[in-house]
Amino acid sequence: MFWQSVAMLRKAEFVTLVVTMIVPLLGGTLLLTLRHRIRALQDQTTQIQAAFYHESVEHLQEKNHALAHRLGTAGTELDTLRQVTAPRHITSVQEDILLEHLRGVNASPVIVSAYSFEDESASYAGQIAAVLRKAGWKVSVNKASMNDFKGVSLGEVALMHQTLSGLHELVQAFTEAHLDLRQREIGLDSIAGQLEDGSLLVIVGRK
């Protein structure tokens, strides 16, 4: 019946034509939609990656800054530790100051006494004695001090209560040269051995 009806065949022809036209349109629209969605996802992925990269870079920069700060602090602490633990020594500047103040002084003999239990004290005492000799002072050195204090102290061996010369100049020179002068009462019985009467005392303690 269908194939015998012109009207039905015309309708079928029209429907087929419409479908034939719509299908490519739907396919093209679907294709465009898919491409747009793919591009949007790619852009979104790129943005996410860029944001992640930027965040990672900032995080690394913060970590590098913190690490640099820690390294700087550690370096400062290490320098401080080295200064604290390094042996004392008379620098060329200190020697020049000492010689400037002590040359030509008519001073009493000097006993430079180092702390018995520290080699560093003995070495420093030897350097001080060398500069005093260079200034023309009469100097002897011993390692018989039992004074367990820090820095350098000055005193006198004046058993006969005689007036000694040069103590004031020593105080001024050591102060100007920053030899860590710390004046305190020194008992003569704190230094073993024979002490020549009429001598000035330079007691070198520990660092």
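**Strand pairing and helix packing in the predicted model**

E1 and E4 pair in the parallel sense, over 5 bridges. Within this pair, serine 113 stands opposite isoleucine 203 of E4. The model is a predicted one. The protein holds 4 helices and 4 strands. From the N terminus on, the elements run α-α-β-α-β-β-α-β.

The 4 strands form an open sheet in the order E2-E1-E4-E3, with mixed pairing. Strand E2 (139-145) and strand E3 (152-157) stand at the edges. Each has a single partner strand, so one side of each is left without a neighbour in the sheet. From one strand to the next, the twist averages 25 degrees.

The other pairings complete the sheet. Strand E1 (residues 110-115) and E2 pair in the parallel sense over 5 bridges. Here isoleucine 111 has serine 140 of E2 as its bridge partner. E3 and E4 pair in the antiparallel sense, over 6 bridges. Leucine 154 stands opposite valine 202 in E4.

E4 also stands out by its burial. Of its residues, 6 of the 6 are buried, so E4 is largely enclosed by the rest of the structure. Ser199, Leu201 and Ile203 point one way from the strand. Leu200, Val202 and Val204 point the other way. Both groups are buried. For the protein as a whole, 27% of the 207 residues count as buried.

Helix H3 (residues 119-134) lies across E1, E2, E3 and strand E4 (199-204). H3 runs at about 165 degrees to E1. H4 also packs on the sheet, where H4 touches E3 and E4. The direction of H4 makes about 175 degrees with that of E3.

Helix-helix packing was examined next. Two packed helices are described by the angle between their axes and the distance between the axes. Helix H2 (residues 92-102) and helix H4 (residues 167-176) pack at an angle of about 155 degrees. Their axes are 9 Å apart. Angles over 145 degrees count as roughly antiparallel. H2 and H4 are therefore roughly antiparallel to each other. Their crossing is right-handed. On the H2 side, the contact involves Ile97, Leu98, His101 and Leu102. On the H4 side, these residues meet Glu169, Leu170, Gln172, Ala173, Phe174 and Glu176. By class, the contact of H2 with H4 has 6 nonpolar, 2 polar and 2 charged residues.

H2 also packs against H3. The axes of H2 and H3 come within 9 Å and cross at roughly 45 degrees. The two helices are therefore oblique to each other. The crossing of H2 and H3 is right-handed. H2 contributes Glu95, Leu98, Leu99 and Leu102 to this contact. H3 contributes Val131, Leu132 and Lys134. The residues of the contact of H2 with H3 divide into 5 nonpolar, no polar and 2 charged. Leu98 and Leu102 of H2 take part in the contact with H4 and also in the contact with H3.

Glutamine 94 is found in helix H2. Its relative accessible area is 13%, so glutamine 94 is buried. Leaving aside neighbours within four places in sequence, glutamine 94 is in contact with His89, Ala177, His178 and Leu179. Glycine 104 is found in the loop between H2 and E1. Glycine 104 is exposed, with a relative accessible area of 79%. Glycine 104 and glycine 136 are 32 residues apart in sequence. In space, their C-alpha atoms are 7.2 Å apart.

Sequence separation was also examined over the protein. Among contacts between residues at least 6 apart in sequence, 85% join residues at least 24 apart.

Conventions
Residues numbered from 1 in each chain as written. Predicted model: local features only at pLDDT ≥ 70, side-chain atom pairs only at ≥ 80, totals over all residues. Heavy atoms only, no water. Axes fitted to C-alpha atoms, helices over the stretch in contact; angles between N-to-C directions. Parallel < 35°, antiparallel > 145°, perpendicular 65-115°, else oblique. Left-handed = near helix turned anticlockwise from the far one by under 90°. Contact = heavy atoms within 4.5 Å. Nonpolar A, V, L, I, M, F, W, Y, C, P; charged D, E, K, R; others polar. Pairing = 2+ DSSP bridges. Buried < 20%, exposed > 50% of the residue type's maximum accessible area, 1.4 Å probe, protein only.
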